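This briefing concerns selected side chains and their surroundings. Please view the sequence and the structure together while reading the points that follow.

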Amino acid sequence: MITSSLIVTSFLGVGALGCWGLEIIETNTNSTLVGQTYWQAKKNICLGAMVVGFSAFLASGMLGAILSDGE
């Protein structure tokens, strides 16, 4: 669980950085084909999922520490 949550968080971080870069490129080129809100929404989704993945990592680490402390 710990490893998978870290891997998912890392991939979502890369996705958020990619969307952030595309948002900057789109702003600089003044493209009207794709709305600027599209990349902002995708970036926010990735960042929100990163928070969920990181909290799952912290929760599984805390649960593991609590369970191993009782033995």
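A surface patch is made of residues with over 30% relative accessible area and no salt bridge, and nonpolar side chains are joined into a patch within 5 Å. In this predicted model, Leu17, Trp20 and Ile24 form such a nonpolar patch, with about 330 Å² of accessible area together.

**Nonpolar surface patch**
- Leucine 17, one of the patch residues, is located in helix 1, which covers residues 2–29.
- Leucine 17 has a relative accessible area of 57%, so this residue is classed as exposed.

**Lysine 43**
- Helix 2, comprising residues 36–69, contains lysine 43.
- The relative accessible area of lysine 43 is 14%; because buried means under 20%, lysine 43 counts as buried.
- Apart from neighbours within four places in sequence, lysine 43 is in contact with Ala16, Cys19, Trp20 and Glu23.

**Aromatic pair**
- One aromatic pair is found in a search of the whole structure.
- The ring centres of phenylalanine 54 and phenylalanine 57 are 5.9 Å apart and the ring planes lie at 35°, so the pair is tilted.
- Phenylalanine 54 and phenylalanine 57 are three residues apart in helix 2, and therefore about one helical turn separates them.
- Phenylalanine 54 is partly exposed, with a relative accessible area of 41%.
- Phenylalanine 57 is also partly exposed, at 23% relative accessibility.

Note on methods: Residues are numbered from 1 along each chain as its sequence is written. This is a predicted model: local features need pLDDT of at least 70, side-chain atom pairs count only at pLDDT 80 or more; totals for chains, interfaces and linings use all residues. Side-chain values use heavy atoms; hydrogens and water are left out. Helices (H or I, at least four residues) and strands (E, at least two) are DSSP runs, numbered from the N terminus. Buried means under 20% relative accessible area, exposed over 50%, partly exposed in between (1.4 Å probe, protein chains only). Contact means heavy atoms within 4.5 Å. Patches are made of residues with over 30% relative accessible area and no salt bridge: like charges are joined within 9 Å, nonpolar side chains (Val, Leu, Ile, Met, Phe, Trp, Tyr) within 5 Å. Accessible areas come from the Shrake-Rupley method with a 1.4 Å probe; for residues, only the protein chains shown count as cover. A salt bridge is a side-chain nitrogen of Lys or Arg within 4 Å of a carboxyl oxygen of Asp or Glu. Rings of Phe, Tyr and Trp (its six-membered ring) pair if their centres lie within 6.5 Å; planes under 30 degrees apart count as stacked, over 60 as edge-to-face and the rest as tilted.
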